[in-house]
Structures are given as C-alpha cells and as structure tokens.
Amino acid sequence: MFEEIHFNYFQSFANLSKKAREAADLLSEVAADYDPSKLKDRTQEMHGLEQEADQITHSVIDALAQEYFPPLAREDIINLAHALDSIVDSIEDVLLCLYMYHVPQLIPEAMDFVELIFQATEEFSQLMVEFVNHRKKNDLREKVIRINFLEGKGDDLYIATIRKLFGYSHQEDLRYVLVWKEVIDALETALDALESVANEVETVLLKNE
C-alpha cells in the first residue's frame with residue numbers, strides 16, 4: 001500500500017553524485033601514482049564506494065515503493081537512481097580491468113581518458129548540486145552541454161586509440177592489444193555513463209517545465 005512518507009529523493013541523488021565524484025577521485029589518484037602492487041587494495045576501496053552507492057539506490061527504490069505522491073514521475077526517479085549508480089559501477093570496472101589483466105603501466109591515452117572522466121565528474125557534481133537545489137534550467141543545460149562536449153572528446157580519443165592499437169605498422173604483443181582494448185573500452189563506458197545521466201537530468205527538466 002502507498003502511504004505519505006517524507007523521503008528526500010533529491011538528497012539521495014546528491015549522495016549518489018558524491019559517490020561518483022569519490023570514485024573518479026580515486027581513479028585519478030591511482031592513475032597519477034600508478035603502482036600495480038597497490039591495485040588490489042584500491043579495487044577493494046572502490047568496491048566499498050560501489051556498495052555504498054548500491055545501498056543509496058536501494059533506499060530510493062524502497063521509499064518509492066511506499067510513496068503515494070513522489071516529487072517526480074516514478075520512472076524518472078528510478079532511471080535517475082540507476083543511472084547515477086552506474087557511474088560508480090563503470091569506474092570500478094576500470095580498476096578491475098587494470099587489476100585483473102596485470103597492467104604494468106598506463107599508456108598516455110589512458111591518462112587522457114582518466115582526465116576527461118575527472119573533468120566530466122566535476123561538471124556533473126555541479127550539475128547535480130544545482131538540480132537538487134532547483135536552480136535555473138538554463139544553467140543546468142549549460143552543464144549538460146559541457147559534459148556532452150567532454151564525452152565527444154572521449155569519442156575522438158577512443159577512435160584514435162583503438163586505431164593506434166590495431167595499427168599494422170609495427171608488431172605488438174597480442175596480449176598487449178587485447179588488454180588495452182578492454183581497458184580503453186571500460187574507460188569510454190565510464191565517460192558514457194556520465195553523459196547518460198546528464199542527458200537523463202535534462203529529460204527530467206524538459207518533462208517538468
């Protein structure tokens with residue numbers, strides 16, 4: 001049965017955004033001082049963030065199941081919560097790839113991807129603060145456009161990196177090519193996840209004008 005409750009969905013969105021920012025910060029720290037011997041501990045630390053994000057998402061869904069008049073459409077709340085949670089999941093996948101495939105050092109393109117993810121997460125954090133505080137829609141859309149721009153740079157970087165990996169001008173260890181294909185895929189997915197949530201926020205704004 002539905003009942004009147006006082007669950008703060010917007011605060012939960014802000015909390016999920018915070019976990020995404022913490023995950024991006026951790027990824028940046030790992031990349032800046034890359035040490036394969038520390039990856040196991042860092043992946044466990046990242047998994048802790050992922051579990052915390054899952055708990056927040058579950059609390060949103062549990063509250064919504066009992067809510068009679070939620071502040072947004074139910075499908076929008078569910079989509080936003082899961083999309084926000086997916087950011088932490090996708091960033092965790094990057095660290096897992098580095099750990100599972102025994103990556104000894106990072107290539108420059110990976111560092112560039114990490115920087116794009118960090119920048120997009122900064123923009124996204126500001127977007128969610130303004131969204132939670134019901135700021136002007138035009139200001140929010142500017143943040144969405146900025147995130148879309150960064151994701152576009154990520155697409156260009158992805159194409160150039162994959163083309164370089166599979167170039168036939170030199171012979172590479174096949175394992176090297178396959179491992180870095182997986183890592184670069186994971187990095188692009190993390191950046192895509194940020195854009196997907198930004199677009200989801202924009203959709204909610206349009207529906208509630």
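Helices are DSSP runs of H or I with at least four residues, numbered from the N terminus. In this predicted model, Tyr 99 is found in helix H3.

- The model holds 1 cavity of 30 Å³ or more, and the largest cavity has a volume of about 50 Å³.
- Its lining consists of Leu 27, Ala 31, Val 94, Leu 98, Leu 106, Ala 110, Val 114, Val 183 and Leu 187.
- At least two lining residues come from each of helix H1 (9-32), helix H3 (74-100), helix H4 (108-132) and helix H6 (174-207).
- By class, the lining of the largest cavity comprises 9 nonpolar residues, with no polar and no charged ones.

**Largest pocket**
- The largest pocket contains about 150 Å³ of space.
- Residues Tyr 101, His 102, Val 103, Pro 104, Gln 105, Leu 106 and Ile 107 contribute to the lining of this pocket, together with Arg 175, Tyr 176, Val 179 and Trp 180.
- The lining of the largest pocket divides into 8 nonpolar, 2 polar and 1 charged residues.

**Nonpolar surface patch**
- Tyr 99, Met 100 and Tyr 101 make a nonpolar surface patch of about 290 Å².
- Tyr 99 has a relative accessibility of 35% and therefore counts as partly exposed, a class that lies between buried, under 20%, and exposed, over 50%.

Key:
Residues are numbered from 1 along each chain as its sequence is written. This is a predicted model: local features need pLDDT of at least 70, side-chain atom pairs count only at pLDDT 80 or more; totals for chains, interfaces and linings use all residues. Side-chain values use heavy atoms; hydrogens and water are left out. On a 1 Å grid over the protein atoms alone, a cavity is a set of points where a 1.4 Å probe fits but cannot get out, and a pocket is an open set with protein on both sides within 12 Å along at least five of seven lines; lining residues have an atom within 4 Å of a point. Grid points are joined across faces, edges and corners, and a volume is the space filled by probe spheres set on the points. Ala, Val, Leu, Ile, Met, Phe, Trp, Tyr, Cys and Pro count as nonpolar, Asp, Glu, Lys and Arg as charged, and the others, Gly among them, as polar. Patches are made of residues with over 30% relative accessible area and no salt bridge: like charges are joined within 9 Å, nonpolar side chains (Val, Leu, Ile, Met, Phe, Trp, Tyr) within 5 Å. Accessible areas come from the Shrake-Rupley method with a 1.4 Å probe; for residues, only the protein chains shown count as cover. A salt bridge is a side-chain nitrogen of Lys or Arg within 4 Å of a carboxyl oxygen of Asp or Glu. Buried means under 20% relative accessible area, exposed over 50%, partly exposed in between (1.4 Å probe, protein chains only).
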